[in-house]
Amino acid sequence: METATAAQAPPSYQEVNVELLQALQSPGRQYWAALAFCVALILWGAWSWNYQLVHGMYVYGATHPAMWGTYIVNFVFWVGIAHSGTLISAILFLFRAQFRRAIYRMAEAMTVFAVMTAGLFPIIHVGRSWNIYFAVPYPNQRELWVNFRSPLVWDVFAVSTYFTVSSIFLYTGLIPDIAAARDRETRPVRKFVYTILSLGWRGTQSEWKHFNAAYLYLAAFATPLVISVHSVVSWDFAMSVNPGWHSTIFAPYFVAGAIFSGVGLVLTIAVPMRKILHLERWITLDHFDKMAKLCLFTSLIVGYSYLVEFFLAWYHGDPFERHVFLNRAFGPMGPEAWIMITCNAIIPLVLFWKKIRRSPWTLFVISLFINLGMWMERFVIVVQSLTHPFDPSVNTATYHPGIIETGIFVGSFGWFFAWFLLFARFLPIMAVAEIKEVMPLRRGAGGGA
Amino acid sequence: MRPQGVLGVFDDLRVAAEAIRRLKQSGYARLEVLSPAPHHELEEALQPARSPMRFVTLCGALTGFTCAALMTFWMSQDWPLVVGGKYVWAWQAYVIIMFELTVLLAAIFTLLGFIVLARLPHTRLRLGYDPRFSDNRVGIWLPLARDRWDEAARALQSCGAEEVQREN
């Protein structure tokens, strides 16, 4: 029904500006309540981190051999979330997939904030967080350099590059839209800030020409970057010889999982956002349909990877590897593993039905399961493998998140969503110029005034 | 000299594109077209030269790659960590650093190149701009000396401009 309404009345250029930039006007109480809630979560997380800094790493429940507890699980989870943004904005741009226009800004902003969230976890996890700069090669008195053979150093480069490039990509795309916001703005402070941020953009053909070229090359470089970043994260695991980790499938498996979880979170955000900001006309059921297909496709890859992992464990006959996978399915961490399989490989199969793909709130519920399942996947990969090393003496070890990790985990959600809410309030959440690009500007035909 | 000229405001893309063609034929070589979004119609009418952005991006990519290669090899040599009797220059591992810095510098050069090539930033919008150009109008700005204004205004009107403004 919603698509029928949109089809009957093609939007005009002016309506694009009015409706898509209205989120920049004063928000309602709901907005402030949501922001206050996020800030409360951040405070909870900040208190937990502070407690850990003051009392030392013993408050973090991870002990030998599972030294990577929830922090690294969260790191991988948030880096994964960050992947859909660049997928939607860069890869789908290169493939000329038109449906990206309505959602890519949202996804791109999500990318930047998710990387900002992910980046916190290594800082928290090192314990002496004030020394994190040791990870960067810088000239120092001791004449030491970082070890470029370590996957952890690759990660420093991959994640910081990803953050910078996705921020540049987001900002470049925003420039014409900030100019549109500037021209509509009446409040002097905001007008001044938009004027600065839009760099005095006027929309001359020369500006558009260079803009389009820059955007194309940024997309061309961001595409391999997306794939490389989660591959590098997967090599944090796969480069070691730990049973359950040392596998060549890890890179594609992680990349597919990252895109899957990222699109899942885009759905989690887009469905309520569409309702709150009245974007039904712009984010249509067709968009949801296509995003759901993307979810389904990546879910099938993830499901296939689960099967292959089990098959390989059986096929290459290493008793340690076999033990880890048998234990994964039927050991004490079985429930987590089965939640992961159910949420990531079984529930998304309902997306084969068109009716479900076109029902936003059903998709919202499915996306929550996907988020849960993908977090569990990382938990299983990190903790279950670490508690089963080659050393049999520690094979009874286990790990469960304690109160401090929970606080920091919850705080990370507050941190992510607070940034997102602020973004939606101060910068255009919809790509105004890109939506206009495919609309005709015609005198008296609804396109013009 | 302060920029001055005549500005035509159009509410139809096809009319604006046709106006560009006609104005160019009439000898108005210097014209600037402003629009809320990039449109092929305007691009086809203007026939602009290709953006040299690709060279900027390529320079960034090569700089990033070279810096990363020099950094990894030199730092490994400067502090040699021999692990398992393997070579100090473990170039296979360095490929990742080289790739990341290639992308990083390419992106930074692209952003800076875009700002320089598009002659941004300027905090004051110059003459020949109207806030409607980020909304629902296309503008054609003819930077001309005052003695040619009337002639240019007539030309814009005959091309179907909704509104003509003289600015100085």
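**Reading a two-chain model, one feature at a time**

Reader: Let's start with one residue. Which helix of chain A does A:Ala238 lie in?

Author: A:Ala238 lies in helix 9 of chain A. Helices here are DSSP runs of H or I with at least four residues, strands are E runs of at least two, and both are numbered from the N terminus. Mind the source, too: this is a predicted model, where local features need pLDDT of at least 70 and side-chain atom pairs count only at pLDDT 80 or more, while totals for chains, interfaces and linings use all residues. Residues are numbered from 1 along each chain as its sequence is written, and chains are lettered from A and ligands numbered from 1 in the order in which they are written.

Reader: Which element of chain A has the lowest mean pLDDT?

Author: That's helix 1 (residues 2-8) of chain A, at 46, while helix 14 (residues 354-357) of chain A is highest, at 96. Over residues 1-7 of chain A, pLDDT stays under 50, and the model has 8 contacts for them beyond four places in sequence.

Reader: How do I read a helix's length? What span does helix 10 of chain A reach?

Author: Compare the C-alpha span with the expected one, which is 1.5 Å times one less than the number of residues. Helix 10 (residues 250-276) of chain A has 27 residues and reaches 39 Å, close to the expected 39 Å. Of those 27 residues, 21 are buried, so the helix is largely enclosed by the rest of the structure. Helix 4 (residues 91-117) of chain B has 27 residues too, and spans 36 Å, close to the 39 Å expected.

Reader: Where do I find a positive phi in a residue other than glycine?

Author: B:Gln47 is one case, with phi near 50°. B:Gln47 sits in the loop between helix 2 (40-46) and helix 3 (53-78) of chain B, and counts as exposed because it has 9 C-beta neighbours inside 10 Å. A:Arg96 is another, at about 55°, in the loop between helix 5 (83-94) and helix 6 (104-125) of chain A.

Reader: What about cis peptide bonds? What is omega near for the bond from B:Leu120 to B:Pro121?

Author: Omega there is near -10°, and the bond is cis. B:Pro121 lies in the loop between helix 4 and strand 3 (138-143) of chain B. In chain A, the bond from A:His64 to A:Pro65 is cis with omega near 5°, and A:Pro65 is in the loop between helix 3 (29-55) and helix 4 (70-81).

Reader: Now the contact between the chains. How many residues does it take from chain A and from chain B?

Author: It takes 55 residues from chain A and 58 from chain B. On chain A's side, helix 9 of chain A gives the largest share, 16 residues.

Reader: Last one: which residues touch the most other members of the largest nonpolar core?

Author: A nonpolar core is a set of buried Ala, Val, Leu, Ile, Met, Phe, Trp, Tyr and Cys residues joined through C-beta atoms within 7 Å. The largest has 185 residues, and A:Val79, A:Met110, A:Val266, B:Ile20 and B:Ile140 touch the most other members. The contacts of A:Val266 beyond four places in sequence include A:Ile103, A:Met106 and A:Met110.

Definitions and conventions: Buried ≥ 20, exposed ≤ 12 C-beta atoms within 10 Å, placed from the backbone. Contact = placed C-beta atoms within 7 Å. pLDDT = per-residue confidence, 0-100.
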